[in-house]
Amino acid sequence: MEDVHPVLIVGGGLVGASLALALDRAGVAATMVEAAPAGAMPPVFDQRNLSFADATVNALTALGVMQRLRAPGGAIRRIHASRSGDFGRVLLDAADYGRECFGQVVVARDFGEALEARLAELPRLRRLRPARFVGLGDMVDDLREVRVADAGGERVLRARLVVAADGTRSPVREALAIPVEEHDYRQRLFVARLRTRRGPDGTAYERLGDDGPTALLPRGDGAWGLVHGVAADDTAAVAALDDGAFLERVQAAFGWRVGRFTEVGERSVYPAMRTVATRTTATRAVLVGNAAQTLHPVGAQGFNLGLRDALTLAELVAQADDPGADALLEAYVARRREDRERTLAFSDGLARISANPAPLLRPLRSLGLLAVDRVPSLQSLLAGGAMGYRGDVPALCRSDAA
């Protein structure tokens, strides 16, 4: 039958491209529907700073991506978390767990270029680009029909498994009529490259506040990756600040732990939203990455969680005769349940409680910070999550995968 695809991935961003790599490594042929034309990068590959957990670094090394980064990643050797107005802090050191680092900081555009270099080498991958998902058709002979439009017009593809890797506003998820639970944290996050008089030393800082986090991530180029949360109503006023005034604002929110802020690069702003699909599978279809769940970026869990979605799915597909069988999708949901639920709860809970200005919460938060900093079992739990080791960990995430 014409145009039958074992696995059809809709979306060529971070998670979709990583899934294509993992499937090819496992010997599975896949097709990727990409909105961006050849030679162009999807918008997601911008100047944002991505925090890769240790498990993510292991997997991307095994997939040959980390080796193709043109700029060095910034090692996260320590994590320092505190909250403005509360006493206490949490300090995690990778050396205490026999690790060199908890993970690495990578610029999204560099990551996108490394992914593209690897995708170009895949012998089994078929890429439809630029192409746009239009809708779903009927189920025919255990195949799901998918309508796409490209330069030649609209046509119908047939797939044994359709993977929605098409982002937070996933058209595939909408076509599957899968409901979502949404929450607007009423925060907007300014992202930029920042320089200070004292360069990064491997510590990632998260300074929590009423309007969201102010985080500094150690980049590999001697600068910091900044994330600065502001109240949604203040977005326009903060965006209008000149560089000097913006640096003063961020310095006041963060403090002086790394010295004076001296330079800020181009700023981008993103909404802090939580969008969670009520289920992640349908007949011969599965949601991964932001199509399945978009998290508040506090704690830097989003891409790491989505990558584990993709790697788990690739493992199961590699072992199956039929990649879209009900039993396979049920196994996928079961394997992802613990990691997904725990990560969603951690991210949402931290975002809500850390931004709540209620006076009665201040002493409770402070006691919580002190407890985590002083109780080894709590520290180990937090460190394991920071490194990406929650629940049923995909094989490629382990250090011996490469």
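Predicted model: local features only at pLDDT ≥ 70, side-chain atom pairs only at ≥ 80, totals over all residues.
Good morning. Let me start with the chain as a whole. The chain has 402 residues, and 55% of them are buried. Its secondary structure consists of ten helices and 20 strands. If we take the contacts between residues at least 6 apart in sequence, 73% of them join residues at least 24 apart. The accessible surface is about 16700 Å², and carbon and sulfur atoms account for 50% of that area.

I now turn to helix 6. Helix 6 runs through residues 243-254, which makes twelve residues. From its first C-alpha to its last, helix 6 reaches 16 Å, close to the 16 Å expected at 1.5 Å a residue.

Which residues of helix 6 are buried? They are Phe246, Leu247, Val250, Gln251 and Phe254. Viewed down the axis of helix 6, these buried residues fall within an arc of 135°, so they line one face of the helix.

What covers the buried residues of helix 6? The cover includes strand 12 (180-196), strand 13 (203-208), strand 14 (214-218) and strand 15 (224-231). It also includes helix 5 (235-239) and strand 16 (261-264). After helix 6 comes Gly255, which has a positive phi, near 100°.

Strand 13, strand 15 and helix 6 each supply at least two residues of the lining. Helix 6 gives the most, with three residues.

Next, the closed spaces. How many cavities of 30 Å³ or more are there? The count is one. The largest cavity holds about 90 Å³ of space. It is lined by 15 residues, of which Gly12, Pro42, Phe45, Glu116 and Arg127 are the closest to its centre. Helix 3, residues 108-119, gives the most to this lining, with four residues.

Finally, I come to the backbone. As background, most residues other than glycine have a negative phi, and most peptide bonds are trans.

Arg129 and Pro130 are joined by a cis peptide bond, with omega about -10°. Pro130 is in the loop between strand 8 (126-128) and strand 9 (132-140).

The other two sites concern phi. Ala177 is a residue other than glycine with a positive phi, near 60°. Ala177 belongs to the loop between helix 4 (171-175) and strand 12. Arg284 is likewise not a glycine, and its phi is positive, near 55°. Arg284 sits in the loop between strand 18 (281-282) and strand 19 (285-287).

Are these two residues buried or exposed? The cut-offs are under 20% relative accessible area for buried and over 50% for exposed. Ala177 has 56% relative accessibility, so Ala177 counts as exposed. Arg284 has a relative accessible area of 6%, and therefore Arg284 is buried.

Thank you for your attention.

How values were computed. Residues numbered from 1 in each chain as written. Heavy atoms only, no water. Expected span 1.5 Å × (residues − 1). Buried < 20%, exposed > 50% of the residue type's maximum accessible area, 1.4 Å probe, protein only. Arc of directions from axis to C-beta. Contact = heavy atoms within 4.5 Å. Areas by Shrake-Rupley, 256 points an atom, 1.4 Å probe, with all protein chains shown as cover. 1 Å grid on protein atoms, 1.4 Å probe; cavity = no way out; pocket = protein on both sides within 12 Å on 5 of 7 lines; lining within 4 Å. Points joined across faces, edges and corners; volume = space filled by probe spheres on them.
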